[in-house]
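Subject: Structure handover and notes

Hello,

Here is the structure I said I would pass on. Please open it first and keep it beside you while you read the notes below.

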Amino acid sequence: MAGGSYVGRFAPSPTGPLHAGSLVAALASWLDARAHNGHWLLRIEDVDTPRTVAGADQIILQQLATCGLHPDAPPVWQSQRSALYQAALEQLIATGLAYACTCSRKDIEIALAARGHTRTRHAELVYPGSCRLGPLHPMSRAQAWRLRTDVLLAPHGPSPGGSSHIIWHDRRLGPQAQDVAQAVGDFVLQRADGCWTYQLAVVVDDAAQGISHVVRGQDLADNTARQIWLQRCLGLPTPQYLHTPLVLGADGAKLSKQNGALPLDLSMPLQALNSAAAVLGWPAQTGTVPEALAAWTAMVAANGSPVAR
């Protein structure tokens, strides 16, 4: 399968070592890149500094190396790329697409209640645009920056009353659609504590690194419409997306560090890789790790997807 322009990536957050669910996404993205004769990059997404665990990045690098998943260029750390995110934010501010917001969570809940909106437990708070015309609390020093979703993107700039209805195609899940304004509202680009959000950092970095294909866990599929909207606001290309099956914990929820996912046991790396491959629908392999990876790469190349059909 030819694919000289293919550039993929794996972008873990260093909130702890990789677990079984992380390895599924890492293996899928690596296999897809190899099957397309492309490049596979590694990006450490450490912009959420309060959640970053010291030393976890080095553990992740070692875990990937033990599994034979080697990047084609030195890894990059998002914490070292703030200038890129600042430039993107300033571009959005200059074009009237981003604005300062001083709303607290309580402010948002009150504004939504005044409009008759009730929120189901754990559902996302849809931001009502309270600070679009100016900060709700002008004297507040703590302010976040939000991206407008109520504008129409046109060659000569934004105009009111536009549609943020995003339609996109997932290589595994098929056609997808979301109205960002209705589902999320104006979302945060930089938090009040100064931390850059996942949405801004991932969009800027994917473009800066020339990422053509994003392969990641299905739990991130809901973020895709927001990211496509932000790409359009910044005039950046949209990669192809594929969201992989999730590994579920004992409680039926996505396996994560928050619900007690254990770090990978890599005393037998092939066994861990076979478990990850099984989630993707590929048969177990014997022999060495390089031999197993080569066998799965051939299967993915023939299938056209890292997830077996």
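A residue counts as buried when its relative accessible area is under 20%, and as exposed when that area is over 50%. Gln-231 has a relative accessible area of 3%, so Gln-231 is buried. Please keep in mind that the model is predicted.

**The chain as a whole**

The protein chain has 309 residues, and 50% of them count as buried. Its secondary structure consists of 9 helices and 12 strands. If you take the contacts between residues at least 6 apart in sequence, 75% of them join residues at least 24 apart.

**Around Gln-231**

Gln-231 is part of helix 7, which covers residues 224-234. Which residues does Gln-231 contact, once its neighbours within four places in sequence are left aside? They are Val-203, Leu-236, Pro-237, Thr-238, Pro-239 and Tyr-241.

Tyr-241, one of these contacts of Gln-231, also takes part in an aromatic pair, and its partner there is Trp-168. The structure holds 3 aromatic pairs. A pair of aromatic rings is described by two values, the distance of the centres and the angle of the planes. For Trp-168 and Tyr-241 these are 6.0 Å centre to centre and 70° between the planes, and the pair is edge-to-face. Trp-168 sits in strand 8 (residues 165-170) and Tyr-241 in strand 12 (residues 240-244), so the pair ties together parts that are 73 residues apart in sequence. Both Trp-168 and Tyr-241 are buried.

Another ring to look at is that of Tyr-127. Arg-146 lies over the face of Tyr-127, at 3.7 Å from the ring centre.

Helix 1 (residues 20-35) and helix 8 (residues 269-280) have axes that come within 9 Å and cross at roughly 75°. Helix 1 is therefore roughly perpendicular to helix 8. On the helix 1 side the contact is made by Leu-23, Val-24, Leu-27 and Ala-28. On the helix 8 side it is made by Ala-272, Leu-273, Ala-276, Ala-277, Val-279 and Leu-280. Sorted by class, this contact of helix 1 with helix 8 has 10 nonpolar, no polar and no charged residues.

Helix 3 (residues 82-94) and helix 6 (residues 198-208) also cross: their axes come within 10 Å, at an angle of roughly 105°. Helix 3 and helix 6 are therefore roughly perpendicular as well. Here Leu-84, Tyr-85 and Ala-88 of helix 3 meet Leu-200, Ala-201, Val-204, Asp-205 and Ala-208 of helix 6. What classes of residue does the contact of helix 3 with helix 6 have? There are 7 nonpolar, no polar and 1 charged residues.

Pro-17 lies in the loop between strand 1 (7-10) and helix 1. Its relative accessibility is 26%, so Pro-17 counts as partly exposed. The C-alpha atoms of Pro-17 and Val-53 are separated by 9.2 Å, although these residues are 36 apart along the chain.

Asn-37 lies in the loop between helix 1 and strand 2 (39-44). Is Asn-37 buried or exposed? At 51% relative accessibility, Asn-37 counts as exposed. The phi angle of Asn-37 is near 55°, which is a positive value in a residue other than glycine.

Regards

Note on methods. Residues are numbered from 1 along each chain as its sequence is written. This is a predicted model: local features need pLDDT of at least 70, side-chain atom pairs count only at pLDDT 80 or more; totals for chains, interfaces and linings use all residues. Side-chain values use heavy atoms; hydrogens and water are left out. Axes are lines fitted to C-alpha atoms, for helices over the stretch in contact, and angles run from 0 to 180 degrees between N-to-C directions. Helices (H or I, at least four residues) and strands (E, at least two) are DSSP runs, numbered from the N terminus. Angles under 35 degrees count as roughly parallel, over 145 as roughly antiparallel, 65 to 115 as roughly perpendicular and the rest as oblique. Contact means heavy atoms within 4.5 Å. Ala, Val, Leu, Ile, Met, Phe, Trp, Tyr, Cys and Pro count as nonpolar, Asp, Glu, Lys and Arg as charged, and the others, Gly among them, as polar. Rings of Phe, Tyr and Trp (its six-membered ring) pair if their centres lie within 6.5 Å; planes under 30 degrees apart count as stacked, over 60 as edge-to-face and the rest as tilted. Buried means under 20% relative accessible area, exposed over 50%, partly exposed in between (1.4 Å probe, protein chains only). A charge sits over a ring if NZ of Lys or CZ of Arg is within 6 Å of the ring centre and within 35 degrees of the ring normal.
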